[in-house]
Amino acid sequence: MITFEEAYEIANKTYMKDEIGSCEEWENGYVFSRKDVGDDFIGGKATPLVVHKKNGQIMSMIEFVCSGAGKPVRNINIKI
């Protein structure tokens, strides 16, 4: 099982590169969003990134929800 700290490192190193603004923990994964997305959200450029708790796999939000995301657990404060 992947911890929040491990998931944060995976998201930060592989894709978001110090641009993580928020995280929502779900039963089966961590959903990371970029900070200050503004108009970049239109058209999918700033889509959330999910790190699955079971194996650390990176997936899109659509893949995550379709694979059985479970319920939201909590919002995690990201200290910048």
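I began at Val31, whose bridge partner in strand S3 is Val50. I then looked to the other side and found Glu24 opposite Val31 in S2.

Before going on, I noted the ground rules. This is a predicted model, so I took local features only at pLDDT of at least 70 and side-chain atom pairs only at pLDDT 80 or more, while totals for chains, interfaces and linings use all residues. Residues are numbered from 1 along each chain as its sequence is written, and side-chain values use heavy atoms, with hydrogens and water left out.

**Strands.** I took strands as DSSP runs of E, at least two residues long, numbered from the N terminus. I called two strands paired if DSSP finds at least two bridges between them. S1 (residues 20–26) and S2 run antiparallel, joined by 6 bridges. A hairpin of 2 residues links S1 to S2. S2 also runs antiparallel to S3 (residues 49–52), with 4 bridges. I checked cover next: 5 of the 6 residues of S2 (residues 29–34) are buried. Buried here means under 20% relative accessible area, exposed over 50%, and partly exposed in between (1.4 Å probe, protein chains only).

**Rings.** I paired rings of Phe, Tyr and Trp (its six-membered ring) when their centres lie within 6.5 Å; planes under 30 degrees apart are stacked, over 60 edge-to-face, the rest tilted. The count came to 5 aromatic pairs. Phe4, Tyr8, Tyr30 and Phe32 form one cluster. I also found the charged end of Lys53 over the ring of Tyr30, 5.2 Å from its centre. The rule for that asks for NZ of Lys or CZ of Arg within 6 Å of the ring centre and within 35 degrees of the ring normal.

**Cysteines.** I searched the whole structure for disulfides (two cysteine sulfur atoms within 2.5 Å). I found 0. Cys23 is buried at 3% relative accessible area. Cys66 is exposed at 67%.

**His52.** This residue lies in strand S3. Is His52 buried or exposed? It is buried, with a relative accessible area of 14%. Its side chain reaches the backbone nitrogen of Lys54 at 3.1 Å. I counted a polar contact as N or O atoms within 3.5 Å, one able to donate a hydrogen and the other to accept it within protein; residues adjacent in sequence count only if both atoms are side-chain atoms. Leaving aside neighbours within four places in sequence, I listed the contacts of His52 (heavy atoms within 4.5 Å). They are Ile2, Asn28, Gly29, Gln57, Met59 and Phe64.
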